[in-house]
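Subject: Structure handover

Hello,

Here is the structure for you to look over. My notes come after it.

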Amino acid sequence: MIIEAKKLDNGTIQCKYEVNLECVHCGMGVDAEEYESGTCSNCGATWNQKKHTKIHVTSVPLAGESG
């Protein structure tokens, strides 16, 4: 799942980020069907999520004077 960057109403910039879920037993990525069923199609176990988050960071220009 990829969440695009956005500017919140209070002016805060929320960076783009990705979240990947995988089965804690076999390490296989969890798809939407497996997420709903709660069972890993690779190993057959009830998957307990292991979550990886990747944050995309961009530069923000300096505000005001620098010197």
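The notes below cover the fold, the core, a few residues and the pocket.

First, the ground rules. This is a predicted model: local features need pLDDT of at least 70, side-chain atom pairs count only at pLDDT 80 or more, and totals for chains, interfaces and linings use all residues. Residues are numbered from 1 along each chain as its sequence is written, and side-chain values use heavy atoms, with hydrogens and water left out.

**Fold**

The chain holds one helix and five strands. Both kinds of element are DSSP runs, numbered from the N terminus: helices are H or I with at least four residues, strands are E with at least two. In sequence order the pattern reads β-β-β-β-α-β.

Three strands make an open sheet, ordered β1-β4-β5, with antiparallel pairing. β1 (2-3) and β5 (49-56) are the edge strands; each has a single partner strand, so one side of each has no neighbour in the sheet. Strands count as paired if DSSP finds at least two bridges between them. Strand β4 (residues 16-23) and β5 are joined by eight bridges, in the antiparallel sense. Take Glu18: its bridge partner in β5 is Lys54.

**Burial and core**

Of the chain's 67 residues, 15% count as buried. Buried means under 20% relative accessible area, exposed means over 50%, and partly exposed is in between (1.4 Å probe, protein chains only). The chain exposes about 5,500 Å², and carbon and sulfur atoms supply 50% of that. These areas come from the Shrake-Rupley method with a 1.4 Å probe; for residues, only the protein chains shown count as cover.

Which residues form the largest nonpolar core? There are six: Val19, Leu21, Cys23, Val30, Cys40 and Trp47. A nonpolar core here is a set of buried Ala, Val, Leu, Ile, Met, Phe, Trp, Tyr and Cys residues joined through side-chain atoms within 4.5 Å. In soluble globular proteins, nonpolar side chains tend to be buried together.

**Contacts**

Contact means heavy atoms within 4.5 Å. Among contacts between residues at least 6 apart in sequence, 38% join residues at least 24 apart.

Leaving aside neighbours within four places in sequence, Cys23 is in contact with Met28, Val30, Cys40, Cys43, Trp47 and Asn48. Cys43 sits in the loop between α1 and β5. Cys43 is partly exposed, at 36% relative accessible area. Not counting residues up to four places away in sequence, Cys43 touches Cys23, His25 and Cys26. Cys43 and Cys26 are 17 residues apart along the chain, and their C-alpha atoms are separated by 6.6 Å.

Glu22 is in strand β4. Is Glu22 buried or exposed? Glu22 counts as buried, because its relative accessibility is 18%. Beyond its neighbours within four places in sequence, its contacts include Trp47, Lys50 and His52.

Val24 lies in the loop between β4 and α1. Val24 is partly exposed, with a relative accessible area of 44%. Val24 and Cys40 are 16 residues apart in sequence and 9.7 Å apart, C-alpha to C-alpha.

**Pocket**

The largest pocket has a volume of about 200 Å³. On a 1 Å grid over the protein atoms alone, a pocket is an open set of points where a 1.4 Å probe fits, with protein on both sides within 12 Å along at least five of seven lines; lining residues have an atom within 4 Å of a point. Points are joined across faces, edges and corners, and the volume is the space filled by probe spheres set on them.

The lining consists of Met1, Val19, Asn20, Leu21, Val30, Asp31, Ala32, Tyr35, Gln49 and Lys51. β4, α1 (32-37) and β5 each supply at least two of the lining residues. β4 gives the most, with three.

Best wishes
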